Amino acid sequence: MRKYLFILKATLMENLQYVWNILLGFITFFMLLFVFMNLWDYIYSDSGNLISGYTKDQMIWYVILTEMIWFSCRNATLSYQISNDIKSGSIAYSINKPYNYIAYIIAKHLGEIAIKSLLFLVAGLIIGYGFLGSLPPVHLYQLPAILVTLVLGTFINTFLKMSISVLSFWIEDATPFHWIYDKMIIVLGIMFPVEVFPLWAQPVIRATPIFVVTYGPAKLIIDYSSGMAVRVILSQLIYFVISLSFLLFIYQRGVKKLNVNGG
Amino acid sequence: MLTAAKNQFRVILLSLKYNIMREMTNRASFLTNVLFMVLNNATFLIQWQLLFHLKPEIGGYAFHEVMVLWGLAASTYGFSHILFQRAFQLPPLILQGKLDSFLVQPKNILLSVITSATNSSAIGDLIYGYLIIVIFRFSIPNLLLFTLFTILGGLIMAAFAVITGSFSFWLVRGDLLSDNLNNVIVNFGTYPDSIFKSGVRLLLYTIVPVGFVVYQPLHIILNFNLTALLGVIAFTLGICLLAFFLFYKGLKRYTSSNLMSARI
């Protein structure tokens, strides 16, 4: 475990050198938020106070929070490094090192997103406060449950994205599958809370990663209830076990297919 | 002059042909990229269905009109990234001194550079754009206008990418600025202009030309206006000339990195 913590720390220190790069990457984050906030502002302009049980402020906070979560989790290491390692054959140099390749990638990814997450959190709160003039009504006693859901959501997303990348053992380029997963989260998970979907679609959405990665944590921040906290954490634990087991299973199967020529 | 232009056009087409052949080396991967890009774009149909379920019109547009907007955004993106993919990758070529191999070619340098690669998934974007116009607003005049605006919008996007990419001749971190400015076109171009306040709309017709890539073409397809059409054509010519001017001005500052590389 200590070696993985060291990898995490080393990556984190490396990323601290590039804070300006991270900050310039914020421009896309601001642009998307700006578009979404304008869209919801327009939709709420002549409707009543509530849409699917959400006030305008809650809806905009929901979009800000889910986008914050998503932008914090996004990382080229998950989407491209594994695929490139497999495609180029350089994974052969990683799997014979005295660490587990999967654990190494997870530690590296967490090290890379640690600073980014913190910066996105601050930026999102500033933008939300600037636009709406108030912060989400979070009480101190709610923070532990919210933090647990944020951490579990990050891990689940990591395992799912890695599972998609590991598909490169069978198909040369896993990028198209990343597009579909990303779009599912962006289109269905960032813009709309589950309640906005038609009634027949809501159980389906609740069974997808959207519920555990973006909706759950964001819903707890804007409208906390202990019942919902228990439900989200339980769903996340189930997803955590299943997605990790699936990742390890297909990785083991994939490595057996590995055939490296030359040196 | 005319012969030179004809030859240059033939070189561009040949370049496109070989780029696509290279992309098709792995046929399964190529087809997956194209097909999944169509599916990827289609996910936004759900987003707009949901939004129109909440409000019958958005920014004064009906569902099928927003779909045409989406179709234009996809097809212009597709056209520009199929033909001029390298226009969007100029900064690393400039910063790492990788333009050398293009400088010694007997044809136009800028065109040689920007047509030297193709993004295979952009074919999916172009197909999606045409599927949308056929499904939601099919008529022969609309199809012709859509094709014209796909070409004009694609040229504007590529020219804008060359302009922002050319900043790298002067700025060290010009690549980040260029990426972000190009993202503005993609992010704003898929939402109706009327949801934004007038100040933002002004920016979208000036600093970042989203207005001429998708908004104005959409207005013309919905309500034909010859003056507006001529305006889009004039803007396209203007921005293309500006792109050539800035690239060649910047090229005088270019320094090679002595990097040995091969173009395969």
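Biologist: Before we start, what should I keep in mind about the numbering and the model?

Modeller: Residues are numbered from 1 along each chain as its sequence is written, and chains are lettered from A in the order in which they are written. Because the model is predicted, local features need pLDDT of at least 70 and side-chain atom pairs count only at pLDDT 80 or more, while totals for chains, interfaces and linings use all residues; side-chain values use heavy atoms, with hydrogens and water left out.

Biologist: Thanks! How many helices and strands does chain B have?

Modeller: Helices (H or I, at least four residues) and strands (E, at least two) are DSSP runs, numbered from the N terminus. Chain B has 12 helices and 0 strands. Its radius of gyration is 19 Å, close to the 18 Å of the globule rule for 264 residues, so chain B is as compact as a globular protein of that length. That radius is taken over C-alpha atoms, and the rule is 2.2 Å times the number of residues to the power 0.38.

Biologist: What share of the residues of chain B count as buried?

Modeller: Buried means under 20% relative accessible area, exposed over 50%, and partly exposed in between (1.4 Å probe, protein chains only). Of the 264 residues of chain B, 53% are buried. One buried residue is S166(B), with a relative accessible area of 1%. You will find S166(B) in helix α8 (residues 140–166) of chain B.

Biologist: Which residues is S166(B) in contact with, leaving aside its neighbours within four places in sequence?

Modeller: Contact means heavy atoms within 4.5 Å. With those neighbours set aside, S166(B) is in contact with L90(B), I94(B), L246(B) and F247(B).

Biologist: Now the interface. How do I read its size?

Modeller: The size of an interface is often given as the accessible area lost when the parts come together. Buried area is that loss for two parts (1.4 Å probe), summed over both. Here chain A and chain B bury about 3000 Å² between them, with 73% of it on carbon and sulfur atoms. M31(A), Y42(A) and W179(A) supply 20% of the area that chain A buries against chain B, more than any other three residues. In residues, the contact takes 32 from chain A and 34 from chain B.

Biologist: How many salt bridges cross the interface of chain A and chain B?

Modeller: A salt bridge is a side-chain nitrogen of Lys or Arg within 4 Å of a carboxyl oxygen of Asp or Glu. The rule finds 1 across this interface: D41(A) meets K197(B) at 3.7 Å, N to O. On the chain A side, α2 (19–43) and α8 (175–190) each supply at least two of the residues that touch chain B, and α2(A) gives the most, with 15 residues.

Biologist: What else does D41(A) form a salt bridge with?

Modeller: D41(A) also pairs with K56(A), the closest N and O atoms being 2.6 Å apart. D41(A) lies in helix α2 and K56(A) in helix α3 (residues 56–73) of chain A, so the pair ties together parts that are 15 residues apart in sequence. By contrast, K197(B) sits in the loop between α9 (174–189) and α10 (198–205) of chain B, so its pairing with D41(A) joins two chains.

Biologist: Are K56(A) and K197(B) exposed or partly exposed?

Modeller: K56(A) is partly exposed, at 30% relative accessibility, whereas K197(B) is exposed, with a relative accessible area of 54%.
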